[in-house]
Amino acid sequence: MTINLDTSELERVLHNAANHLTHTAPLMADISRALLSETLLRFHFGGRPAWAGLSPLTIARRRGGAGAILQDTGELKRSIKATHSNDTATIGTNLVYAPTHQFGAKQGEFGRSDRNTPLPWGDIPARPFVPMDKNGDIDHDGFLTVSEIVDGYLAGSFG
């Protein structure tokens with residue numbers, strides 16, 4: 001008795017999977033775009049969870065009064081960019097004051113953006129706009145977003 005197996009379909013599936021797992025730039029592009037979207041949603045909804053309100057001093061100094069938190073001029077929101085390579089998915093901003101808003105700061109401490117200048121005003125509460133925790137790791141919402149994209153990518157890799 002002889003059994004002949006046609007492995008051409010299996011070979012096609014495995015070749016497709018290997019190609020997807022080697023050339024991950026499309027996956028990284030999807031992840032970076034999704035993390036940027038998650039970040040922009042935080043600006044839209046005023047945080048996830050909600051950010052602390054503005055102090056009366058901050059409201060008085062703002063151009064638009066109370067307005068949307070972290071959006072007095074819109075510079076911070078506009079500065080956030082998504083980039084990727086075959087191996088990385090990145091979102092971020094190069095604004096020196098961004099870490100102070102992301103992580104918060106106490107009055108009299110050196111600001112995270114300029115370690116030589118103590119903050120002259122009151123405490124600034126953390127208002128995490130990038131989906132990461134205080135340790136720099138992806139937060140729960142960001143993790144769920146990335147997991148969903150990776151699961152879909154892997155499912156498509158073996159199809």
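Reply: pLDDT is the predictor's confidence in each residue, from 0 to 100. You'll need that here, since this is a predicted model. The protein chain has a mean pLDDT of 83, and 86% of its residues reach 70 or more. Confidence is lowest in helix H3 (residues 56–61), with a mean of 78, and highest in strand S1 (residues 81–84), at 96.

Me: Why is Trp51 called buried?

Reply: Buried means under 20% relative accessible area. Trp51 has 8%, so Trp51 counts as buried. You'll find Trp51 in the loop between helix H2 (25–45) and H3.

Me: What makes a residue a contact of Trp51, and which ones are on the list?

Reply: Contact means heavy atoms within 4.5 Å. Leaving aside neighbours within four places in sequence, the contacts of Trp51 include Arg42, Phe43, Ile69, Leu70 and Phe129. Take Ile69: Trp51 and Ile69 are 18 residues apart along the chain, and their C-alpha atoms are separated by 7.9 Å.

Me: How do you know that S1 and S2 pair?

Reply: Two strands pair if DSSP finds at least two bridges between them. Here 4 bridges join S1 to S2, so the two count as paired, and they run antiparallel. They form a hairpin with 4 residues between them, and Ala82 stands opposite Ile91 in S2.

Me: What is the volume of the second largest pocket, and which residues are closest to its centre?

Reply: The volume is about 230 Å³. Of the 17 lining residues, the closest to the centre are Ile91, Gly92, Val130, Pro131 and Met132. The lining divides into 11 nonpolar, 5 polar and 1 charged.

Methods: Residues are numbered from 1 along each chain as its sequence is written. This is a predicted model: local features need pLDDT of at least 70, side-chain atom pairs count only at pLDDT 80 or more; totals for chains, interfaces and linings use all residues. Side-chain values use heavy atoms; hydrogens and water are left out. On a 1 Å grid over the protein atoms alone, a cavity is a set of points where a 1.4 Å probe fits but cannot get out, and a pocket is an open set with protein on both sides within 12 Å along at least five of seven lines; lining residues have an atom within 4 Å of a point. Grid points are joined across faces, edges and corners, and a volume is the space filled by probe spheres set on the points. Ala, Val, Leu, Ile, Met, Phe, Trp, Tyr, Cys and Pro count as nonpolar, Asp, Glu, Lys and Arg as charged, and the others, Gly among them, as polar. Buried means under 20% relative accessible area, exposed over 50%, partly exposed in between (1.4 Å probe, protein chains only).
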